[in-house]
Amino acid sequence: MTSLYQRLKESGNPKAPMEVICDLIEKGKTAKEIANIMGITERWVRTLMKRKKDGLSAKELLHKKGPRSPHPKRTKPHIEALVIETQQKTNMGPRRLARELKRTLNLNISSYTIRNILRRNNVKTKKVRSRNGNKRYYANLNHWEALQYFQIDSKHIADAKTLPPKAYAALFKYRLPKYQFTAIDIKTRMRILCFSDECSFANGFSFILYIAFLMRALGIRHRMFFQTDNGSEFGGSEESRKRKILQEKFLEPLGVTLLSIPKGEKEAQGFVERSHRTDDEEFYIPALPHITSRKVFMTSAASWVKYYNQKRSHGGRDMNGKTPKEKIFELSLVSSKAATSIPPILLDKVNTFILKMVGAQNISWDSHHLLQLIKRKQFVAPYSTLLCRFHS
């Protein structure tokens, strides 16, 4: 036969059995009498009577009060507050947060402990991820030296789908640059940024030459590989005249090979595309609403590049929480401070000078006659043998 206690529990009202027990206690029934009426043990009734004396409501009677004192090994309150404050400022997950606290404050806190602290305080990392089933490229980083293989791309900053209204409006109100040109070394994650008002071939060509000249000035002597998409700002597809002229006449003397990704496969630009998302989340979205001039924009961008290269830890493959500066220093290739302190420039202001310096200002890029002077070579090496393999 089902007890009264059990029937009340199954009635759909979780407070029903406790309300009946409270009513019986208030009527002066003993623990033994209540146990017989409800069909439960006398010990359980005495436990509920003790909780009732402590002032708990009928709903709270079912829940334990918890330990009289916190666990002796529980994280101290001021440390928990520091973890929460750091997470809300950086929006980092437990693993990155553990590395950041170790690197900046020398606090050894397990990522699992940080996870539990965030859960207890209902603090969540804001993330937006897409799972579209596209192929992903896997770069064999051991095949390359530091500052040898760069992914280069342009970014349309004025993207209404990405930026909040205030940040988007600031770009036009204060006539800030609309485009960002990015070069990232896949081995160390070191980045160089430039900005422009136009996404033109003159600016893209100038940016490629600018990166090549900088690396040679830093003392890099090995052959470099610059990977771009098939955008017109970088000369278009691999079969275009501009790409062949650009390679043979201007980049080959500098020891640079220009590569193109397969058409329609932006995943091959994974390193630089992921860094663009970081730009939006950690620089443009929080900073643009407070920028009121081009001068402030360029100063803020220079600080952001320096922070990204010298202070922001990276949890990607082979980085293990190191900054690009620490990774370059570890490989002992060039001055890590010099390589990671390159300030951004406005390409619109210098492209005429750069093109004139290399003798490219008067070239007719679409001339069939000039094309005959260039050796017909294939400068885009197959991905299957050079850099990547597919991961489904």
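## A glutamine in a helix

Glutamine 87 sits in helix α5, which covers residues 77-90. Helices here are DSSP runs of H or I with at least four residues, strands are E runs of at least two, and both are numbered from the N terminus. Glutamine 87 is buried, at 2% relative accessible area. Buried means under 20% of that area, exposed over 50%, and partly exposed in between, using a 1.4 Å probe and protein chains only.

Who does glutamine 87 touch, beyond neighbours within four places in sequence? Its contacts (heavy atoms within 4.5 Å) are Met92, Leu97, Leu118, Val123, Lys124 and Thr125.

## About the model

This is a predicted model: local features need pLDDT of at least 70 and side-chain atom pairs 80 or more, while totals for chains, interfaces and linings use all residues. Residues are numbered from 1 along each chain as its sequence is written, and side-chain values use heavy atoms, leaving out hydrogens and water.

## The largest core

A nonpolar core is a set of buried Ala, Val, Leu, Ile, Met, Phe, Trp, Tyr and Cys residues joined through side-chain atoms within 4.5 Å. The largest one has 38 residues, and Phe150, Met215 and Phe226 touch the most other members. Elements supplying at least two residues each include β2 (149-156), α10 (241-251) and α15 (347-357). The top contributor is α9, with 10 residues.

Setting aside residues up to four places away in sequence, phenylalanine 226 touches several residues, among them Phe150, Ile208, Ala212 and Leu258. Apart from this core lies another, of 22 residues, including Leu193 and Phe297.
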